[in-house]
Amino acid sequence: MQLIGMLDSPYVRRVAISLRLLALPFELRQLSVFRDFERFRTFNPVVKAPTLICLDGQRLMDSSLILDYAQHLACGSRQLLPHGHAARANALSRVGLALALCEKAVQLVYERDLRPEEKRHEPWRQRVEGQLRAACGALDKAWLGPRPPLSESDIGQDAIDTAVAWSFLHHVLPGLIDRQNYPTLEALAAEAERLSVFRDYPMV
């Protein structure tokens, strides 16, 4: 399989880390949807990252759909989400918050870097930033309480996505969110980033 996209995208990075943990062989082709637009289009005319090219040539896009497919390919040898209804709902709630954090961070970056200054709408920016801060607060609260140390043998999708989202936020919007205000997130992300699978697929 081939995974197309840059690791500075949290969506590409969450997929790369998860595929490795599921022991699914793949080749990472780091192409930018901006700098490599025409080349990316040869793999996916929609030019959406991540794109997964399956062994049969099928193209999949959207990180959550790719991970659903990957989990089925793994044939239950490793599960990144728990089976029990309550535990699964709890994990998916944290995944949703992590993805919301990514989405709002991306919106703020696009507003800052892609929209001409005269066309920026401050009330919209404030709204998105408020949503971003709400996601940070809810996610920090969602991880409160004792938990076992993270390891590559049992880290779940919720911890993967939380760490990837938190690292992405501070990479693209440094200084916007005070790390000290979210000690639970900061500790979890720092622990995850020390794992070899995270180091193998660094954001930069």
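Trainee: Where is Asp 62 found?

Mentor: Asp 62 sits in the loop between β4 and α3, where helices (DSSP runs of H or I, at least four residues) and strands (runs of E, at least two) are numbered from the N terminus. This is a predicted model, in which local features need pLDDT of at least 70 and side-chain atom pairs count only at pLDDT 80 or more, while totals for chains, interfaces and linings use all residues. Residues are numbered from 1 along each chain as its sequence is written, and side-chain values use heavy atoms, with hydrogens and water left out.

Trainee: What is phi of Asp 62 near?

Mentor: Phi is near 85 degrees there, a positive value in a residue that is not glycine. Asp 62 is also partly exposed, with a relative accessible area of 30%; buried means under 20%, exposed over 50% and partly exposed in between, using a 1.4 Å probe and protein chains only.

Trainee: And which loop holds Ala 23?

Mentor: Ala 23 lies in the loop between α1 and β2, and its phi is positive too, at about 60 degrees, although Ala 23 is not a glycine. Ala 23 counts as exposed because its relative accessible area is 63%.

Trainee: Which peptide bond is cis?

Mentor: The one from Ala 49 to Pro 50 is cis, with omega near 0 degrees, and Pro 50 belongs to the loop between α2 (37–41) and β3.

Trainee: Changing topic, in what order do the strands form the sheet?

Mentor: The order is β2-β1-β3-β4, an open sheet of 4 strands with mixed pairing, where two strands pair if DSSP finds at least two bridges between them. At the edges are β2 (27–29) and β4 (59–61), each of which pairs on one side only, and the twist from one strand to the next averages 20 degrees.

Trainee: How many bridges join β3 to β4?

Mentor: Strand β3 (residues 51–53) is joined to β4 by 3 bridges, and the two run antiparallel; Leu 52, for instance, has Leu 60 in β4 as its bridge partner. Helix α3 (residues 63–73) packs on the sheet, touching β3 and β4, and its direction makes about 125 degrees with that of β4. Contact means heavy atoms within 4.5 Å, and angles run from 0 to 180 degrees between N-to-C directions, with axes fitted to C-alpha atoms, for helices over the stretch in contact.

Trainee: What does helix α1 lie across?

Mentor: Helix α1 (residues 10–21) lies across β1 (2–4), β2 and β3, and runs at about 160 degrees to β1.

Trainee: Is Glu 111 buried or exposed?

Mentor: Glu 111, which is in helix α4 (residues 85–113), is buried, with a relative accessible area of 7%. Leaving aside residues up to four places away in sequence, Glu 111 touches Arg 120, His 121 and Trp 124.

Trainee: How many disulfides does the structure hold?

Mentor: It holds 0 disulfides, a disulfide being a pair of cysteine sulfur atoms within 2.5 Å. Cys 54 is in none, and its nearest cysteine sulfur is that of Cys 75, 14 Å away.
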